[in-house]
Amino acid sequence: MPMIASSMMMVLLLHLPHAPLSGARPPPAGAAPLSPRTDPDPSRPRAAQLSPESVARRARPILAQHAAERCPSCGERVSQKKMRRHQAFCCPDLLDPAGWHAADRATVLEYVRRTYARHSLEARLMRLRFTPAAGGEAPSQRALGARLALSPRKVRDTIASVLHSIPPPAEPHAPLEVLYEDAHLLAVNKPAGVPVTPPHRLRTGSLLNRVIAHVGPAAPLPAPVHRLDLNTSGVLLLAKTGAAAARVMAQFEERRVQKTYAAVCAGVPPAAHTVVRAAICADGEATGCRRRACAAGEAGGLAASTGLWVVGARRGEGGGGGGSVAQLKQRCRERGLKVGGRKADLIERLGGALGLAEASLLLAAPEQGRTHQVRIHCAEAGAPLLGDDLYGRLQPDVIQRHALHALTLLITHPFDGKELELLAPLPEDMRRAIESLHLKPTELSSTNHCGSGPGWEHLHRLVGASIAGG
């Protein structure tokens, strides 16, 4: 009986007009219904006043990353963001057909022949999956599952397990500069143009392949605990054990690691010490991994701040690097240049008109580790990186890549608790750029020192010594 009464009450509630929730303030009598494009309270943040169309447009790049697609081989739904990683261990032959046909298939089948019994499930699956029929393509994992009476997931997991067990190749003849090494950690000086990891574990040409040759094939595979862009040089830290990796990565997540970069820039920031606070958003209009500084009030960005210190500067007559937006616009008008756009756009136009009338050598200390954070924040400060094809200015006569170098990394050792400062000397191309632009460090003064910074006088001297010492 109580159950029948409660059911009847639910039916009545569903058919009654909805009353305002308890505590909610009803709209005043005669008030017009709220428009989805406006907000009656102008004090609310701009993000809360956006129309549904604006919200949808700004969310499109984020939603696209998480849109699920079916893997062409196993049929599993995988987000766009994770599809490449999934295919690396599910169907690498579809991920990179040209490279796979050239050498990867032979590597895999030879490893299977040496490792597994001929009639084992692993050997049968790998031979069937990666040996195409005459004139045709290799069968998909779904087709293999139907043929062998196995689920597609069983086929996928078995193939992924075999691929993951293949040891990455070593490159014993490629150079590797070791900055620090003990039983737990390995720090190396990454050259520009060398990726940290290969496209997948069967390939060579990465820093990890050089590290494997250094530690030996019998040692556990060292794991990078942070990342550097392809054309960024400098300190890269790897953990030799899982326990060391977990402890060091915890320091990165808790922002207890101090990172310092040296950057050669077109233009000079307006002050000797600047802190750029600009959230970073995905750039939905661009392909690849390009990012941008979020607009004021824009939702969906990742908070980011970077301290910039001017170590050396060259200011030309009426140059275009420093000053406020109003001053930069005035300089653009004087030269007949377009005035609209952000500060970085004005700097770029003035740089094109003035050559390199203004340039600077900066120390950059990012508080977070967002993708392209230092590169974007230098551009926002009016000093875009030389050689940066995404956010800066190409200057092939000065440097052939973006002029950014991971100079120091300051961490607490994960086991003995001691402070560990890792330093990578400036590479030759950065030293040449600094010398050609006459950007050698100037004398320290109270105007370019921040007492809360991680030993800026010390870093200043390190940059000077690195340039002078070669």
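What follows is a short exchange about a predicted model.

Biologist: What are the ground rules for this model?
Modeller: Residues are numbered from 1 along each chain as its sequence is written. The model is predicted, so local features need pLDDT of at least 70, side-chain atom pairs count only at pLDDT 80 or more, and totals for chains, interfaces and linings use all residues; side-chain values use heavy atoms, with hydrogens and water left out.

Biologist: How many helices and strands does the chain have?
Modeller: There are 15 helices and 14 strands. Both are DSSP runs, numbered from the N terminus: helices are H or I with at least four residues, strands are E with at least two.

Biologist: Why are H7 and H8 called roughly perpendicular?
Modeller: The axes of H7 (residues 141–148) and H8 (residues 152–165) come within 8 Å and cross at roughly 115 degrees. Axes are lines fitted to C-alpha atoms, for helices over the stretch in contact, and angles run from 0 to 180 degrees between N-to-C directions. Under 35 degrees counts as roughly parallel, over 145 as roughly antiparallel, 65 to 115 as roughly perpendicular, and the rest as oblique. H7 and H8 are therefore roughly perpendicular to each other.

Biologist: Which residues make that contact between H7 and H8?
Modeller: H7 gives Gln141, Arg142, Leu144 and Gly145, while H8 gives Pro152, Val155, Arg156 and Ile159. Contact means heavy atoms within 4.5 Å.

Biologist: What makes Ala149 exposed?
Modeller: Exposed means over 50% relative accessible area, buried under 20%, and partly exposed in between (1.4 Å probe, protein chains only). Ala149 has 71% relative accessibility, so Ala149 counts as exposed. Ala149 lies in the loop between H7 and H8. Its phi is positive, about 60 degrees, although Ala149 is not a glycine. Most residues other than glycine have a negative phi.

Biologist: Why is Arg255 called partly exposed?
Modeller: Its relative accessibility is 45%, so Arg255 counts as partly exposed. Arg255 sits in the loop between helix H10 (242–253) and strand S7 (258–266). Arg255 also has a positive phi, near 60 degrees.

Biologist: What about Ala326, buried or exposed?
Modeller: Ala326 is exposed, because its relative accessible area is 54%. Ala326 is in helix H11 (residues 325–334).

Biologist: How do you know where H5 bends?
Modeller: The bend at a residue is the angle between axes fitted to the seven residues ending there and the seven starting there. For H5 (residues 97–115), that angle is about 55 degrees at Ala103.

Biologist: Which residues of H5 are buried?
Modeller: Among them are Trp100, Asp104 and Tyr111. Their cover includes helix H4 (92–95), helix H6 (121–130) and H8.
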